[in-house]
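Subject: Structure handover

Hello,

Please find the structure below. My notes on it follow.

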Amino acid sequence: MIAATTLDTPDGPFSLVADDGAVLASGWTADVPALVGLVHRDLRPAAVPVVDTADPAVAAPAAAVRAYYAGDLDAVARVDVVQRSGPFREHAWDVLREVAPGEPVTYTEYARRAGRPAAVRAAAGACAHNAAALFVPCHRVLRTDGTLGGFRYGTAVKESLLARERAEAAA
């Protein structure tokens, strides 16, 4: 069953769309229809009920978001994610899930890890088209000069996430 839920977080409302616990889309918004619009057309449901965070369709990813904010930064990596695109982008999303909390990489390094060192723009495109924010941690990719770069949910959220991860990694 595909369903959505919204949680309160220190960075604002966080919504997720999941299919029996696997995340299809997520991000810092209360606008569930907009989030559903990020789901690839081959996976996008016609209707998505909004349910309580305890509903089995969303319980595991909702618990992982809570655990992340409670200090278990790896909790979101233990949740399945389903996204569709071309072969490079899907591979790049898998690679991105391996970037450790507190250890951000540059777009150049991300492209290298994805096996295409010259494809920096394609790596940036994978971040830009990532529908499953936090679960696929595109916030952990920075510009070559170390600045934040863009983020669908705003640079204030990106900086907050990175600061949280730096603090936990240092502890």
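The protein has 6 helices and 5 strands; helices (H or I, at least four residues) and strands (E, at least two) are DSSP runs, numbered from the N terminus. Along the sequence, their order is β-β-β-α-α-α-β-α-α-β-α. The radius of gyration, taken over C-alpha atoms, is 15 Å, close to the 16 Å that the globule rule gives for 171 residues, so the protein is as compact as a globular protein of that length. That rule is 2.2 Å times the number of residues to the power 0.38.

This is a predicted model: local features need pLDDT of at least 70, side-chain atom pairs count only at pLDDT 80 or more, and totals for chains, interfaces and linings use all residues. Residues are numbered from 1 along each chain as its sequence is written, and side-chain values use heavy atoms, with hydrogens and water left out.

Of the 171 residues, 48% count as buried, meaning under 20% relative accessible area (1.4 Å probe, protein chains only). For contacts (heavy atoms within 4.5 Å) with a separation of 6 or more, 56% are between residues 24 or more positions apart.

Is arginine 140 buried or exposed? Arginine 140 is buried, with a relative accessible area of 4%. Leaving aside residues up to four places away in sequence, arginine 140 touches Tyr68, Leu73, Val99, Ala100, Pro101, Pro104, Val105, Leu162 and Glu165.

Regards

Definitions and conventions:
Buried < 20%, exposed > 50% of the residue type's maximum accessible area, 1.4 Å probe, protein only.
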